[in-house]
Amino acid sequence: MSGLFRRKPRPPQAAQPPATHHTEASGPRSIAISINGGAFHGTLLTGDHATVIHVPPVALVPPAEVEPPPGLDNLPLRPAPFVGRARELDQLDAAFSSHNQAVVQAVHGLGGIGKSTLAAHWAATRPHDHTPVRWITADSPAAVQQGLADLATALQPALARALTTETLAERAAQWLSTHTGWLIILDNVNDPADIAGLLARAPGGRFLITSRLATAWNPAAALVPLGVLAGDESLALLTRIATAAGPRDMDGAAELCEELGHLPLAVEQAAAFLAQNPLTTPRAYLRLLSEHPATMYRRRAVTTPPARTIARVWAVTLDRIAALQPQAVDLLRTLAWYAPENIPLSLTGDSTEPATHDALGLLAAYSMITPDPGTGTVALHRLVHALARTPDPEDPHRTPGHIRQAVQQAAAGLHAALPATWDPAVWDTWNTLLPHIEAHSDHAAPDTDTLATAQILDRAAGFLDMQGRPALAIRHYERALTGFKRLRGPDHVDTLFCRDDLACAYRNAGEPGRAIALHEQALADSLRLLGRDHPDTLVIDDNLARAYREAQDPGRAVGMHRQILADSVRLLGKDHPLTLDFSDALAQSYWAAGDSERASRLYERTLADCVRALGEEDPRTQSSRINLAHVHKSAGEPQRAIDLYGQALEARTRILGKDHPDTLTALWHLAGAYWEAGDTQQATPLYQQTAADSLRALGEDHPFTLVFRHDLAGVHWEAGDLPQATLLYEQVLEARTRMLGADHPDTLDSRNRLAGVHRDAADPQRSILLYEQNLEARARVLGTDHLDTLTSCSNLARGYREAGDLRRATPLYEQVLEARTRLLGEDHPDTLASRNNLADVRLEAGNPRQAVPLYEETLAGSVRALGADHPDTLLARRDLAYACLKANDLQRAVSEYERTLSDSVKALGRDHLVTLSCGNALAGALREAGDLQQAVNVYEQTLIGRTRVLGPDHPDTLASGNNLAHAYASAGDTGRAIPLYEQTLEDTERALGADHALTRTIRRNLADAVALRADEPGQP
């Protein structure tokens, strides 16, 4: 007998004296037994049908004296390969190796997770020094009793016919209580009460329990939670079973494991089906699962026991849950229509009802849901999530009626949880609910939508559109519109407003053409249903006018907005908030039409009306102030813009808080105004602060965050930090492509900027590729004459030009100039820019006499359209001066440069970037004209200014250092030229790198200066 088993010896029997007995019987059917005075051992039966069973005396010894026979272990056969679970196996090893541990170890998890497989594998393969090892199915009291009876019979086979099941079970329990060293595996325990008595009576061995219950265990039990397999483990399991007969096509295997949620039983079920059907690939199985889910969840291979399918395994669990609390099964079906993870408690039912808490607790106890107390959410396994919403007439828990009810209950839960507004204070709630709204929309058929569903989608679409996600907003609006038309009718106001909102989403998606058609239909319906004078009709009309303006038809927008404003004044009064909105919209249309004077006057008047009628605290007042600031910034009046932006920022910070989107927008505008004013030292930290605050407060994918980071990339670009600019532009481009789509205007703008950085980084091929992609997309989406398409065409021309391919750049510039002149007029700023670009390319082609007239036309138009002191006018005059210089008209070049510098100092100040650029250009002209001393003086002033404004490592500052050193050398002052070259070269190598074009230029210039000094008299 093994040393692990110990029993107490039986006490010796005392000797008994002999006795004499007399035996007799009388009467019908009487019996008498004579044993000659000895003790009688046996059973006496009477009756006509009595049966005598002869039991060996050894079978009647006390359980404590029974020794276990060989071959007592009864672990189940493990046909499937075992993969993974190293951590859980180690946990069991550790638990069973500790003599101080409790006698109970419980492995718990979802049905089909592999609890029984893990227990059997551990018991069969890991060293644990326990014997015998008995496996008992423990899913009911009767099963536990039968398992114990089987143990008693295995210990003493002769008892099988002699004792009842109940008596045998009791005898096995006594045996366990009087022996040590054994291991009993109680598999699939549904109720801890079913085994509580056994655990209490038998402390001498160890129990290993498997159960779907995660709770209700004695605190002394050591728990081992079991989760799904890792992705590589589930793939290995699927592959081993499916390819057991030989190699085969396993296309889609990883996706299938992902779809099955890496649940071992589901993977085994699918793998067995694949093994039985060698022509079915994992991808084909996925398709079957998608098209016939109820059938496939039940489908099994011929070698798979009926009880070993996902549908059957979980049906058993649901039977148990339904018997305890039917509401819990209802809740599970409802939760299955949300996303499987991070389901907030607001969607789980009425939290004031105890029954809701009971249902959640029961589902969690049986591992059908996983609660997360830290976030206040619950999650469902992916396959539970899919199965619970799949109708199956053969499953009493998933009848079509049950599923229809769950769809409607889920919609009702979402509708009740929706915030009443889109205010930033409830953005977190919206963002929590959005995945569940999308999941409900994805899984529920449109013809099952209720009015609540349509309202959910309509309100969610509005939030998404405001968050810069128009593509998803459009999808929800379109389905909501279909629902409203079916449930409310085509003439209901819900249908009318949903159509108009859908049009606005198309505008935000950069598709004004589709928006106009929807706005026009909405306006026609509103005129018919509500009348011309209804405020909602005015709002829809205003939206249509905005769409025309965005579709490059500002003239039509002006006419419409003038009528809308007049109607609003007549109907609502000049101080009504809607009237003030329409006044602001008309000013925007004037500006888009190029009528800056009228736009400026109307903005001024609208701001004054807002202050008087609404007060400084009203959001419209600050929006109007910012719009007026835009006008001043565009008009070359940055200081006035800075004042207005600063006022708006102060008010919004005070009223809304520093992290409100409107406050962040005001801060961003203020940074832009400082940048336009040439004050980079003020602008740069404001841009950085805006991007950081937005990232923290709004998140990395919020449209405002992307705009702010996009502009911060531009700051790095201007500062010569091309690697950081490239990184930011790439991140924004990726996010916009993902959020908005590859053809959205904002995405195209990011691609355009990234192309520009690559151009400046001397990577023309990559730059041209991006420019070509942009032009193709805009021409396809917007048409060849759209202004944005013309911008892309001009950018591509610049890419060719920077790559030295003037042959391809010139016709593109000519094409853009012709189109802009035709569409915008001679003096529009974009037309002037196109004429200037064409002049540049003529000049670079060595045709200054062709370029000068174009520059002169550009300057004259800029003076007419923008004024003599506008920054663009000053730059146009500077460019004309440069063309004169190249045409060898040095006197005129110097004269134009001097006038440009004088006007810039007067209009913009000495430290403005335009002023500094003009000073640098004038110095170059003076050097070319032979006035080296004056050139040196201007170069020195420019270097001092750029160092002060841009910093010592800015590319423009470094270029100024090179220019001044070159002037020193040209004047024969190598004593000052060489040290300056050396210092500038050191700074440039540190800031831009050893291979940058400017670095190479300075290095050559330094070498020339050194050679020049070597030729000077007196040099060795």
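Biologist: Start with Glu734: at 43% relative accessibility, what does this residue count as?
Modeller: Buried means under 20% relative accessible area, exposed means over 50%, and partly exposed lies in between (1.4 Å probe, protein chains only). At 43%, Glu734 therefore counts as partly exposed. This is a predicted model, with residues numbered from 1 along each chain as its sequence is written. Local features need pLDDT of at least 70, side-chain atom pairs count only at pLDDT 80 or more, totals for chains, interfaces and linings use all residues, and side-chain values use heavy atoms, without hydrogens and water; the class of Glu734 is partly exposed.

Biologist: Which residue forms a salt bridge with Glu734?
Modeller: A salt bridge needs a side-chain nitrogen of Lys or Arg within 4 Å of a carboxyl oxygen of Asp or Glu. Here the closest N and O atoms are 3.0 Å apart.

Biologist: Why are Glu734 and Arg738 separated by about one helical turn, and in which helix?
Modeller: Helices are DSSP runs of H or I with at least four residues, numbered from the N terminus. Glu734 and Arg738 are four residues apart in one such run, so about one helical turn separates them. That helix, residues 722-740, is H30.

Biologist: Are Arg398 and Asp392 buried or exposed?
Modeller: Their side chains meet in a salt bridge, at 3.5 Å from N to O. Arg398 has 2% relative accessibility, so it counts as buried. Asp392 also has 2%, so it too counts as buried.

Biologist: Which residues are linked with Asp567 in a network of salt bridges?
Modeller: Asp567 pairs with Arg570, with closest N and O atoms 3.3 Å apart. These two are three residues apart in helix H22 (residues 554-572), so about one helical turn lies between them. Asp567 is buried, at 7% relative accessibility. The residues linked with Asp567 are Arg532, Asp533, Asp541 and Arg570.

Biologist: How many salt bridges does a search of the whole structure find?
Modeller: Side chains of opposite charge can pair when their charged atoms come close. The search covers the whole structure, and its count is 65.

Biologist: At what angle do helices H39 and H40 pack?
Modeller: Axes are lines fitted to C-alpha atoms over the stretch in contact, and angles run from 0 to 180 degrees between N-to-C directions. H39 covers residues 913-928 and H40 covers residues 932-950, with axes 8 Å apart. Their angle is about 155 degrees.
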